[in-house]
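Please read it with the coordinates open.

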Amino acid sequence: MDKILVVDDDLGIQKQLKWSFSGYDVVFAEDRTSAIAQLRRFEPKVVTLDLGLPPDPSNASEGLATLEEILALAPYTKVIVVTGNNDKKNALKAISLGAYDFYQKPIDSDTIQILVGRALNLFNLEMENKHLAQVAPAMDRIIGQSEGILAASKKAERIAQTDISTLLLGESGTGKEVFARSIHEHSLRKDKPFIAINCASIPENLLESELFGYEKGAFTGANKTTPGKIESAQNGTLFLDEIGDMPIGLQAKMLRFLQERVIERVGGRSEIPVNIRVICATHRDVQTMVAEETFREDLFYRIGEISILIPPLRERDNDVILLAKTFLTQYNEEFKTKLKGFSDSAIKAMKQHKWPGNIRELQNKLKSSVIMAEGTHIQADDLSLFVKDDEPTIDSLNLREVREHAESRAIRNAYQVAEHNMSKTAELLGVTRPTLYSLIDKYHMEDIKTSAK
């Protein structure tokens, strides 16, 4: 359970906030000394701090000093300062010192619950980003912390500064080109060209001239001598995507280039030396193709001196949420939108979906949802995904889980019937508004809180 520290010398305020934060683990302090002691002991994610602390509660100096000490010891902790009605000056000063937000008395339970919920979400997101920076500091293009992606990232990082030929294996849309670019950017060739070509997207009769270039007059329409992709990558990196789709006749010429590091343009007779690193990728089972003699065995061993398997998105645990949050930030900037995140239903739907199109599918759904979303948070419907209702199973059939499941479903049903009106929702459920908000916090229904009327 998330911990919140309430710093206030007024016992009445302490009791009111304890009731408001019933869904959290709340600890209290009444002055600067006890606040720092509680901070060290419990490491709360959020602190509510009354600026009027003893020994001089009529002056904000002690509260501001406490704020500075809290942020010096725990810079990621979100501090919400609580001020008197006419103390906007000190509230703004607290913000300039690093407070997350401020709130003016008298305290309204609904409002301060929303502030704390948002502060917790920001704290958790920053912790995720901090963890990612620690586990994969070098391959910064590659986002994720699942076991499979970390293993692939570590392997890519270790080979980046060598010229060993690398074969990236994985389904379509898993991010093979992202891996290739990341390897290039962390290599000694990073300031030289990165040239990519998709062997499956170019007709067989044009692929050879695209790769090797051609001399003037080599064929009809060859009006001038044109270097190919291999030559254009001189001193840099050549990325051959979908190498498994390369025609068998062209594979022999590719093998000679990889062995000799020289090329001949189509229609040319002179050998051109080339100094490049080669990274290949495919979604095909190349070993089976070798057995079926549709891919040259000697070429397979030449391009795959090191192989890296990139796992599909469905096998990457919670990486889908980390990727979604990263892409949301990018698309907010690209489309000039201000969406704040994902509802619980959207997160659940993304975790349940099998993502047959992998990261490319996720990007497409997110772009559409950013443009079409009407609220502040993306919902499952915006992603064209559906949440599968998880009924309690016989293995987890205990009273607590059954009660939580039943209560959360009843709240959502009443909320829809009440057309997102919280007072009417509470009335339908036969509870007070504060009780309803406590249950919403308890079951982490952020989408209801942010879209309520």
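1. A salt bridge here is a side-chain nitrogen of Lys or Arg within 4 Å of a carboxyl oxygen of Asp or Glu. Arg284 and Asp245 form one, with their closest N and O atoms 2.9 Å apart. Arg284 lies in the loop between β11 (277-282) and α11 (286-291) and Asp245 in the loop between β8 (237-241) and α10 (248-260), so the pair ties together parts that are 39 residues apart in sequence. Helices (H or I, at least four residues) and strands (E, at least two) are DSSP runs, numbered from the N terminus.

2. On the basis of the note: this is a predicted model, in which local features need pLDDT of at least 70 and side-chain atom pairs count only at pLDDT 80 or more, while totals for chains, interfaces and linings use all residues. Residues are numbered from 1 along each chain as its sequence is written, and side-chain values use heavy atoms, with hydrogens and water left out.

3. Arg284, at 38%, is partly exposed, and Asp245 is partly exposed at 26%.

4. By the salt-bridge rule, the count comes to 17. Another of these links Asp25 to Lys3, with 3.2 Å between the closest N and O atoms. Asp25 lies in strand β2 (residues 25-29) and Lys3 in strand β1 (residues 3-7), so this pair ties together parts that are 22 residues apart in sequence. Asp25 is partly exposed at 28%, and Lys3 is partly exposed at 25%.

5. Val7 has Ala29 in β2 as its bridge partner. Between the two strands the chain passes through helix α1 (residues 11-20), and this β-α-β crossover is right-handed. Right-handed means that, with the strands pointing away from the viewer, the path from the first strand over the helix to the second runs clockwise.

6. Which residues does Ser146 touch, leaving aside its neighbours within four places in sequence? They are Arg316, Asp317 and Asp319, contact meaning heavy atoms within 4.5 Å. Ser146 sits in the loop between α5 (109-135) and α6 (147-159) and is buried at 4%. Arg316 and Asp319 form a salt bridge with each other, the closest N and O atoms being 3.1 Å apart, and both are buried.

7. Leu362, in helix α15 (residues 358-372), is buried, with a relative accessible area of 0%. Neighbours within four places in sequence aside, Leu362 contacts Leu313, Val320, Leu323, Ala324, Phe327, Met350 and Trp355. Leu362 and Ala324 are 38 residues apart in sequence, with a C-alpha to C-alpha separation of 7.4 Å.

8. In helix α4 (residues 88-97), Asn90, Ala91 and Ala94 are buried. They cover an arc of only 105° around the axis, which puts them on the same side of α4; the arc is that of the directions from the helix axis to the C-beta atoms. The buried residues of α4 pack against α3 (61-73), β4 (78-83) and β5 (101-104). The face turned away from the buried side of α4 carries the exposed residues Lys88, Lys89 and Ser96. Just after α4, Gly98 has a positive phi of about 125°.

Conventions:
Buried < 20%, exposed > 50% of the residue type's maximum accessible area, 1.4 Å probe, protein only. Pairing = 2+ DSSP bridges.
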